[in-house]
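I opened a new notebook page for this structure. The entries below follow the order in which I looked things up.

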Amino acid sequence: MVPAVAGQRLLLLVFLAFIRIANAERRLFVRDLPDKGQKCRNTIQGLLLVADDRGVVCKRDDLNYATGCCSVGQQYDCNQCNMNDKCCSEYESCVSCCLAPLHDAVNVAKQVLRSPRHKESGVWGNAFDYCKGICRTHSRSTAHENAYISARHHCFSQLGRPMLSDPLPPGALDGVEVVVGFKNEACDTFCLHRKKRCSQEHLRWLNSCDRLRERFGCEAGCEVVTGLGPSYVDGNAPKPERPAMCFVQPQEATTLSCSVREENHMMLCPCV
């Protein structure tokens, strides 16, 4: 009889253990009820600042990690941005400002390729992804490949880079064909090839790094040098001649001339 009782007790203990395991397994499948509160996507990586998908930028300490939203902050913050070129000194401010209704990011995102000149990349899926992507730095906002053109190097403009000079006055280049001359050739000669003449009075409007960057990469940078420019040094020129460098003359220069030419330089020419 004793062995029989012991066996029953053993079976009971095994059964109770099985019930506990079954209950524990059942509890693993119990899920929390969905949180119906507001959830935000945000820029995540900022050390000091974060911008969420509502366009609110805040200090990282003011980010609600449970929701991903800024608990306090400035919505559509453009204080760190210049509206002439839509470039900002802070990445998070760029994203916030880009999302402002004034800039119509919702519709622009449906038209802009994720990777310029590559149709296979597709367009941006939504305004927040578009603003996050376009505000990142890239080669157009750098010089010498490792230095920024300006402290405002986060841009959401089509140009994609900061402007260092004021925009041209309205009509400044009306009737002017702005063209890149042949290497080693002066503008007056190049314009004659096109059955036009070089307009010396319009050279001053082209004598800026911004105008050169609209036509050339200026990968090595842009410098102000008396007697040189507006021009770009051919990328295959000997190193002492500073290949891929852009040159402009001082704004007060009186030596701007359509007859100027430099070895291995391509002039920026106004033909009329």
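I noted the scale first: buried means under 20% relative accessible area, exposed over 50%, and partly exposed in between (1.4 Å probe, protein chains only). The model is predicted, so I kept to its limits: local features need pLDDT of at least 70, side-chain atom pairs count only at pLDDT 80 or more, and totals for chains, interfaces and linings use all residues. Residues are numbered from 1 along each chain as its sequence is written, and side-chain values use heavy atoms, with hydrogens and water left out.

**Aromatic pairs**

I found 2 aromatic pairs in the structure. Rings of Phe, Tyr and Trp (its six-membered ring) pair if their centres lie within 6.5 Å; planes under 30 degrees apart count as stacked, over 60 as edge-to-face and the rest as tilted. Phe182 is partly exposed at 49%, whereas Phe190 is buried at 5%.

Phe216 is buried at 10%, and Tyr232 is buried at 9%.

**Ser199**

Is Ser199 buried or exposed? I have it as buried, because its relative accessibility is 1%. Its side chain makes a polar contact of 2.6 Å with that of His202. Ser199 also touches Cys258, Pro270 and Val272, leaving aside residues up to four places away in sequence; contact means heavy atoms within 4.5 Å. A polar contact is a pair of N or O atoms within 3.5 Å; within protein, one must be able to donate a hydrogen and the other to accept it, and residues adjacent in sequence count only if both atoms are side-chain atoms.
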